[in-house]
Amino acid sequence: MTDYPPFGAGLWHFASYVDRYATDGYAPEVSTLEQIARAGSVGELSYVDVPYPFSEGVSVDDVKQALADNGLQAIGVTPEIYMRRFSKGAFTNPDPEVRAAALAALNEAADVVRALEAKYLKVWPGQDGWDYPLQVNHHEQWELAVSGMRELAQANPDIKIVIEYKPREPRNKMFWDSAAKTALGIKAMGVDNVGVLLDFGHALFGGESPAAAAQLLIDHDLLWAMDVNDNLRSWDDDMVVGTVHPIELFEYFYTLKINGWEGVWQLDQFPFREDTVEAAKLSIRFLKAIWRSLEQLDIEALKAAQARQDALGAQRLVQDVLFANIRDEA
């Protein structure tokens with residue numbers, strides 16, 4: 001039996017969704033506990049990333065019990081610091097009282113990380129940034145974003161904190177927008193408990209090579225977690241893994257393998273119109289094919305092709321193993 005890596009998913013994968021057109025939602029609302037139950041029904045997930053606050057009336061103890069009942073562990077806690085009160089930013093908000101409220105919300109979420117024995121606190125300040133030229137002072141944005149993260153890290157030295165960068169949405173331009181800028185910001189913080197969660201789709205959407213972004217972060221000891229999904233590159237579509245960019249996804253995981261990176265292979269997907277459990281199952285099916293293919297790949301031959309910059313030879317080596325492995329297991 002193949003020894004696969006642990007698989008995980010953001011609980012939002014199993015929620016219901018709205019957009020600016022279907023404001024009534026694509027399905028009835030799904031509570032935190034119902035999301036956990038759906039994640040458990042996938043059968044091959046070990047971890048979930050838990051948004052905070054939970055659904056109304058749900059306590060930390062309720063979540064702990066639901067996770068245990070469904071054979072799941074919390075890998076991270078994602079505080080919602082991107083809602084209406086933070087519409088002009090969390091750490092970079094011009095109002096010091098709002099910045100203080102964001103920090104308080106993050107410190108509260110850090111306590112939830114401890115209570116759930118999760119691996120990290122995930123920071124995704126989606127409203128930090130700007131929308132128009134001349135709207136912000138970029139030096140001040142840098143100082144606020146970096147000092148805010150530094151203060152959070154220093155207040156919680158016992159837990160790991162990861163920043164998930166993204167080029168845009170909901171702001172037209174997000175502050176933490178690339179692997180390189182995020183790495184520079186973390187270095188400027190001067191702390192040792194902040195790293196990066198690399199979202200494969202965010203790298204695609206941002207015009208990066210996900211594999212190159214992963215290598216950069218690994219070289220600086222900052223790749224602490226990851227999410228996988230897919231998109232059409234013009235937006236953060238959060239589609240099912242491997243449906244659009246299978247070769248770039250393979251290169252991404254190949255980069256992790258040759259660097260000895262080990263961690264949870266985690267889904268960050270929004271199946272608006274699809275069955276959420278089946279979307280997770282199909283994604284894991286493809287991730288298993290990636291894993292088996294990496295086990296069979298002639299890595300030395302691929303490295304030799306890369307040394308020659310032999311694009312076609314490298315593609316052939318990967319195609320031979322990847323597409324032969326996409327199948328349901330007996």
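Student: Where does Pro170 lie?
Tutor: Pro170 sits in the loop between β6 (160–164) and β7 (173–174); strands are DSSP runs of E with at least two residues, helices are runs of H or I with at least four, and both are numbered from the N terminus. This is a predicted model, where local features need pLDDT of at least 70, side-chain atom pairs count only at pLDDT 80 or more, and totals for chains, interfaces and linings use all residues. Residues are numbered from 1 along each chain as its sequence is written, and side-chain values use heavy atoms, with hydrogens and water left out.

Student: What joins Glu169 and Pro170?
Tutor: A cis peptide bond, with omega about 15 degrees. The peptide bond from Tyr52 to Pro53 is cis as well, with omega near 10 degrees.

Student: And where is Pro53 found?
Tutor: In the loop between β2 (47–52) and α2 (60–69).

Student: New topic: what is phi of Asp238 near?
Tutor: Phi of Asp238 is near 55 degrees, a positive value in a residue other than glycine. Asp238 is placed in the loop between β9 and α8.

Student: Is Asp238 buried or exposed?
Tutor: Asp238 is buried, at 7% relative accessibility (buried means under 20% relative accessible area, exposed over 50%, partly exposed in between, with a 1.4 Å probe and protein chains only).

Student: What about Asp221, which also isn't a glycine?
Tutor: Asp221 has a positive phi of about 55 degrees, and it lies in the loop between α7 (210–219) and β9 (223–228). Asp221 is exposed, with a relative accessible area of 61%.
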